[in-house]
Amino acid sequence: METLTKNTQKQIGQYVAEDYRTAAVFSKHKIDFCCNGNRTIEEACEKKGIDSNMLVEELENVLNTKTDQSIDYKSWPLDLLAEYIEKKHHRYVEEKIPVLLQFLDKLCRVHGERHPELYKITELFNASAGELASHMKKEELILFPFVKKMVAAELNAAAVKSPQFGTVENPIAMMMEEHDTEGERFREIAALTDNYNPPADACNTYRVTFAMLKEFEEDLHLHIHLENNILFPGAIKLEQKFN
């Protein structure tokens with residue numbers, strides 16, 4: 001019991017950074033592990049009225065299950081992680097947005113009268129699509145290239161010229177704030193869709209759209225987690241070495 005109690009003081013983001021499989025446990029209990037990953041297990045459980053020792057036990061069970069599926073993102077070099085986020089998660093967002101916008105537009109036209117919540121869902125997703133596009137560009141053009149530059153400089157024992165944005169903590173603070181906004185927006189979408197459960201009279205497009213929205217949110221959670229809990233803290237630490 002001693003270890004369990006001790007682990008309730010561990011931050012959610014730490015758990016997920018060490019093994020992404022623990023994310024499923026947090027999701028099951030509706031505990032936000034990406035944007036609010038800096039809370040301790042105890043704090044999060046208190047808010048939800050959950051027994052923290054029981055949650056830690058569930059987490060330990062997941063951690064003790066051997067699987068080839070768990071990727072140790074934490075051990076990756078930062079330039080590789082930035083490249084992976086861009087190629088996997090940014091591309092995913094770019095591919096899915098036009099399809100989802102088309103489907104949501106069709107749902108509003110066909111089912112909007114009977115299900116007026118579809119208009120609000122579409123409005124929220126539209127806002128998210130626009131914000132994410134500009135957010136990802138800022139990462140790809142400003143933040144990620146600087147992270148890669150620092151990694152190269154460390155490997156070659158070279159100096160790093162101070163960036164125009166002062167310190168890496170400045171764009172990171174902005175990115176994290178934007179992550180919070182998206183996390184909040186998707187919480188609203190999840191509530192309006194009854195956690196992506198289509199109504200009884202839903203057609204196939206309706207079902208596919210809700211399934212795609214759910215997958216989009218899950219991908220976004222992993223995407224934000226990799227940045228907030230692994231890439232960003234790593235970049236801040238690396239920059240401190242040069243100072």
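I looked up Y206 and found this residue buried, with a relative accessible area of 0%. Buried here means under 20% relative accessible area, with a 1.4 Å probe and protein chains only. The model is predicted: local features need pLDDT of at least 70, side-chain atom pairs count only at pLDDT 80 or more, and totals for chains, interfaces and linings use all residues. Residues are numbered from 1 along each chain as its sequence is written, and side-chain values use heavy atoms, with hydrogens and water left out.

Next I checked F210. F210 is buried too, with a relative accessible area of 3%. Y206 and F210 both lie in helix 9 (residues 204-242), 4 residues apart, about one turn of the helix. Helices are DSSP runs of H or I, at least four residues, numbered from the N terminus.

I then turned to ring pairs. Rings of Phe, Tyr and Trp (its six-membered ring) pair if their centres lie within 6.5 Å; planes over 60 degrees apart count as edge-to-face. I noted 10 aromatic pairs by this rule. One of them joins F146 and F165, edge-to-face, at 5.4 Å centre to centre and 90° between the planes. This pair links distant parts of the chain, 19 residues apart: F146 is in helix 7 (residues 117-155), and F165 is in the loop between helix 7 and helix 8 (169-192). F146 is buried, at 5% relative accessible area. The ring centres of Y206 and F210 are 5.2 Å apart with planes at 65°, so I logged that pair as edge-to-face.

I also logged a cluster: ring pairs link Y92, F125, F186 and F216.

Technical notes: Phe/Tyr/Trp six-rings, centres within 6.5 Å; stacked < 30°, edge-to-face > 60°. Helix = DSSP H or I, 4+ residues; strand = E, 2+ residues; numbered from the N terminus. Buried < 20%, exposed > 50% of the residue type's maximum accessible area, 1.4 Å probe, protein only.
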